[in-house]
Amino acid sequence: MEAYKVWVRKNRDLVRSLESLANGLTWILPERFANSEIAPEAVYAFLGIVSSVNQHIIDTPTDSQTLASKEQSIPWSLVVSVLKDVEAVVEVAAQHFVGDDRKWSFLAVTEAVKAGVRLAAFRESGYKMLLQGGEVAHEEEISVLEENFGAKSNGVPVIYPMNGNFQNGHGVASNNGLNGKAGFVSKSLEGRAVAALSKFGQNAKMMSDPMWMKKSLPPPDPPVMVVEKPTLASIWSAKGVSGRLFFLGEVVHIFRPLVYVLLIKKFGIRSWTPWLVSFAVEITSLGIHSRATDLHQRGGKLKRRKMMWALYVMRDPFFARYTRRHLQKAEKVLNPVPLIGFLTGKLVELVEGAQSRYTYTSGS
């Protein structure tokens, strides 16, 4: 397995090209969207899982310090990606064996599992906004302060345990002296002076140690980065109303697909109730986030969620009543044109086939 990981990292461009080619070919397989054909969907799901695993290998850091911290947690982004691919196979298999009406029970179970995984990913990330439904992990960005005293990760001090004491990334010991808890170098002039004196004292002590003592000591283990993640209680108390609104908006967004499937199971796919309620939940979640997040986040992370609203024109009953009619008109107009008419007909066929699958238009 390690050899495969090394090969993927070295040939990442080739791997991505092969994955894109294989995924594109599956869309033109015969009977790609036939209700009785499970094999094409299983092949597509398998390729998607392989692609997700390869991307996880590429994104996983190789340095020992960061890798040690990453291995302590479950790769929730990979789990979400795999579940999405598995859900497509579950839908086709359920449709084949139990029919269109009863398949929604199985889809409800898969959406409930995905919601649970996303909640775990939400908690693991320190209650940050999920990127692409949890398929993209939050990377811990470590930046050095202006004067190179101390380090922070996403605004949280990074503390390194060494020789029984807590030190920052530059070897400066830090302790509050009262309760024994680790601290960090202050950005004030007094804090910098104390840090400089402390570092000078440590260097002087090391220079005064006999050489034979240095040789007898075993090499120290590499420092392990400890990043303190915010808890729900800290967000709830420190950020006040904005923090609570943010948490509420993200939870609403996570459970939206499950609510949508349960309403389809109860009212049917042709009913406007699931469509309208799902869209209302989307607007509610976005409205809460717009109030709870700053302008930078609104223009970035929330932009993709707004773009996902375009999928509502692909969902029944809107698609059956409006979208399909316009597609058929366009196909009829362009059909006499050589090549363009053929491509338009193929495109309409693929769109209608993808629209028949919940997993391709759910946006979850």
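Predicted model: local features only at pLDDT ≥ 70, side-chain atom pairs only at ≥ 80, totals over all residues.

Residues are numbered from 1 along each chain as its sequence is written, and side-chain values use heavy atoms, with hydrogens and water left out.

**How H2 meets H3**

- The axes of helix H2 (residues 12–26) and helix H3 (residues 39–59) come within 10 Å and cross at roughly 165 degrees; axes are lines fitted to C-alpha atoms, for helices over the stretch in contact, and angles run from 0 to 180 degrees between N-to-C directions.
- Helices (H or I, at least four residues) and strands (E, at least two) are DSSP runs, numbered from the N terminus.
- The H2 and H3 crossing is left-handed, meaning that the near helix is turned anticlockwise from the far one by less than a right angle (clockwise would be right-handed).
- On the H2 side, the residues in contact (heavy atoms within 4.5 Å) include Arg12, Val15 and Glu19, and on the H3 side they include Val43, Tyr44 and Leu47.
- Sorted by class, this contact of H2 with H3 has seven nonpolar, six polar and three charged residues (Ala, Val, Leu, Ile, Met, Phe, Trp, Tyr, Cys and Pro count as nonpolar, Asp, Glu, Lys and Arg as charged, and the others, Gly among them, as polar).

**Other partners of H3**

- H3 also packs with helix H5 (residues 76–97), at an angle of about 180 degrees and with the axes 9 Å apart.
- H3 and H5 are therefore roughly antiparallel to each other.
- Among the residues in this contact are Ala45, Ile49 and Val53 of H3, together with Val82, Val86 and Val89 of H5.
- The contact of H3 with H5 has ten nonpolar, four polar and two charged residues.
- Helix H1 (residues 2–10) packs against H3 at about 80 degrees, with axes 9 Å apart, which makes H1 roughly perpendicular to H3.
- Tyr4, Lys5, Val8 and Arg9 of H1 make that contact with Asn54, Ile57 and Ile58 of H3.

**Aromatic rings**

- The structure holds 15 aromatic pairs, where rings of Phe, Tyr and Trp (its six-membered ring) pair if their centres lie within 6.5 Å.
- One aromatic cluster is formed by Trp272, Trp275, Phe279, Trp309, Tyr312, Phe318 and Tyr322.
- The charged end of Arg315 sits over the ring of Tyr312, 4.1 Å from its centre (CZ of Arg or NZ of Lys within 6 Å of the ring centre and within 35 degrees of the ring normal).
- Arg315 also lies over the face of Tyr260, at 5.6 Å from the ring centre.

**Backbone details**

- The peptide bond from Asp316 to Pro317 is cis, with omega near 5 degrees, and Pro317 lies in the loop between helix H13 (301–307) and helix H14 (318–334).
- Tyr127, a residue other than glycine, has a positive phi near 60 degrees, and is found in the loop between helix H6 (103–124) and strand S1 (142–144).

How values were computed. Phe/Tyr/Trp six-rings, centres within 6.5 Å; stacked < 30°, edge-to-face > 60°. Parallel < 35°, antiparallel > 145°, perpendicular 65-115°, else oblique.
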